[in-house]
Amino acid sequence: MEECLFCKMVAGEIEPQCVYEDEQVLAFRDINPQAPTHVLIIPKQHLSTINDLDHEHEQLVGRLYIAAQKIAATEGLADSGYRTVMNCNADAGQTVFHIHLHLLGGRRLGWPPG
């Protein structure tokens with residue numbers, strides 16, 4: 001996806017503030033953080049929304065959550081708590097159409113969130 005901001009990050013055209021990377025996942029700090037720790041965890045494979053997921057993506061989505069767990073531990077959030085959120089489409093707040101898991105923590109998070 002030539003115009004996808006996150007694909008440009010995966011390709012190395014834009015350098016995010018990376019906190020984690022493996023062969024299938026890239027994670028970086030959000031440029032507009034909503035909590036003291038706000039990391040976006042993306043698959044390197046382009047998938048626009050959750051609606052584009054299929055059974056073949058089950059391991060990949062699980063990998064996003066395993067990355068979130070590792071990052072939360074590294075950031076010191078595992079014991080105090082953290083939130084993971086994935087938005088789907090504009091009404092849910094998705095602004096970059098490449099699926100991404102938000103990891104938020106570092107303060108008490110209220111409920112409901114929005």
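Visitor: How do β3 and strand β5 pair, and over how many bridges?
Guide: Antiparallel, over five bridges, with β5 covering residues 101–105. Strands here are DSSP runs (E, at least two residues; helices are H or I, at least four), numbered from the N terminus, and two strands pair if DSSP finds at least two bridges between them. Keep in mind that this is a predicted model: local features need pLDDT of at least 70, side-chain atom pairs count only at pLDDT 80 or more, and totals for chains, interfaces and linings use all residues. Residues are numbered from 1 along each chain as its sequence is written, and side-chain values use heavy atoms, leaving out hydrogens and water.

Visitor: What stands opposite T37 in β5?
Guide: That's G105.

Visitor: And which way does strand β2 run against β3?
Guide: β2 (residues 25–29) is antiparallel to β3, joined by five bridges. One of the pairs is L26 with I42 of β3.

Visitor: Is β3 buried or exposed?
Guide: Seven of its seven residues (37–43) are buried, so β3 is largely enclosed by the rest of the structure. Buried means under 20% relative accessible area, exposed over 50%, partly exposed in between (1.4 Å probe, protein chains only). T37, V39, I41 and P43 point one way, while H38, L40 and I42 point the other.

Visitor: New topic: where does UniProt put the "active site"?
Guide: The unreviewed entry places it at H100; such annotations may be inferred rather than shown by experiment. H100 lies in the loop between β4 (82–85) and β5.

Visitor: What does H100 contact?
Guide: Beyond neighbours within four places in sequence, its contacts (heavy atoms within 4.5 Å) include L40, I41 and I42.
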